[in-house]
Amino acid sequence: MRLSAWRPGSKRWALATALALGVLALAGCAQTPQSVLSPAGPVATTELQVISLGFWIMLGVGVVVLGLLLAIIFRFRARKNDDALPEQVEGNTRLEFAWTIIPVLLLAVLAVPTIKDAFAAASPPNPSTALPVTVVGHQWWWEFDYPTLHIVTADEMHIPAGTQVAISLQSVDVIHSFWVPRLAGKLDAVPGRTNSMWLEAAQPGTYAGQCAELCGTSHALMRLSVIADSPSAWSAWVQKMQHPQNTQPTSGAAQAGFKDFSTAGCSACHTIDGTSYKGTLGPNLTNLGLRVGIAADNLANNDANLAKWLANPPAIMPDVDMPNLHLTQQQIADLSAYLEGQK
Ligand code: CUA
């Protein structure tokens with residue numbers, strides 16, 4: 001292919017540019033459940049204001065600097081018969097003051113809300129009425145511990161809509177980053193320390209999030225959902241989590257699954273509240289049937305997906321701690337009946 005066909009100004013170049021701009025424009029049509037540009041709570045709204053302020057300042061600086069650059073390139077371009085060197089100048093005290101002071105002032109304008117909001121994002125305005133949740137990062141799933149409610153769950157963080165949630169963020173292994181873009185900015189979960197942040201969902205809804213710090217092979221699969229409940233849905237969820245049903249079934253496939261849970265090895269790592277199963281290496285599976293997703297929120301929660309997961313977890317989440325237990329089809333069906341029956 002002749003390279004000249006791609007020169008700026010050529011037809012091909014124009015076509016390629018149009019295509020690239022079209023792709024860029026169409027990217028705006030995508031579903032964006034994880035967009036900081038559509039905040040759904042007070043923390044994310046405040047953060048978007050800081051982002052916007054920064055954006056408009058940068059845009060202004062860009063327009064002025066690039067405008068001057070283009071004007072100078074045009075005004076002082078080499079003309080025909082322009083053989084002599086232009087006048088050589090060096091240094092201009094006034095200009096140098098100006099381009100030092102203006103950026104300093106702009107950065108100061110940006111720094112005030114940035115610092116104020118960064119501190120404000122660490123703890124809720126009303127700590128006495130906030131709901132405390134300890135969020136723990138694991139390779140590769142999120143644990144949600146509600147110390148005042150004595151509930152521990154994983155993958156899905158239920159919260160009451162319109163309530164401030166005070167999050168204590170920890171990690172048991174490597175550095176993760178907790179990020180639910182429509183509710184609050186990201187914060188690192190660091191082994192050996194507790195970081196704090198807060199969030200609030202203004203309206204009931206499901207808000208997608210995920211780990212935002214490279215934490216190993218399946219980092220990209222370390223997802224979560226925040227489910228903001230209406231007052232009635234919230235109290236129903238709390239009631240169900242505090243008083244789980246069908247944890248020790250006495251008949252049918254669920255009873256067989258209940259037994260398999262210890263004989264096949266599940267209980268070594270998983271807890272089911274209301275039973276003697278108290279493993280803590282993996283997610284607490286109490287009331288799994290209530291969850292929308294499984295496998296760190298990567299699969300919709302249904303029998304078929306649970307069977308797929310139980311048959312070979314590393315095939316879905318590479319390097320996950322949960323091994324292929326080589327369960328029989330019967331065991332998988334029984335475990336599924338047991339786990340999905342808790343809701
Ligand atoms: Cu956890 Cu990336």
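**Notebook: a strand and a salt bridge**

Strands here are DSSP runs of E with at least two residues, numbered from the N terminus.

Before going on, I noted that this is a predicted model, where local features need pLDDT of at least 70, side-chain atom pairs count only at pLDDT 80 or more, and totals for chains, interfaces and linings use all residues. I also noted that residues are numbered from 1 along each chain as its sequence is written, and that side-chain values use heavy atoms, with hydrogens and water left out.

Next I looked up the sheet. Three strands make an open sheet with mixed pairing, in the order S4-S10-S9. Strand S4 (156–160) and strand S9 (205–210) are the edges, each pairing on one side only. Two strands pair if DSSP finds at least two bridges between them. S4 and strand S10 (residues 223–229) run parallel, with five bridges.

Is S4 buried or exposed? Five of its five residues are buried, so S4 is largely enclosed by the rest of the structure. Buried means under 20% relative accessible area, exposed over 50%, and partly exposed in between (1.4 Å probe, protein chains only). I checked both faces of S4: Glu156, His158 and Pro160 are buried on one side, Met157 and Ile159 on the other.

Then I went looking for salt bridges (a side-chain nitrogen of Lys or Arg within 4 Å of a carboxyl oxygen of Asp or Glu). The whole structure has one. Lys116 and Asp117 form a salt bridge through their side chains, at 3.7 Å, N to O. Lys116 is exposed because its relative accessibility is 56%, while Asp117, at 14%, counts as buried.

Definitions and conventions: Helices (H or I, at least four residues) and strands (E, at least two) are DSSP runs, numbered from the N terminus.
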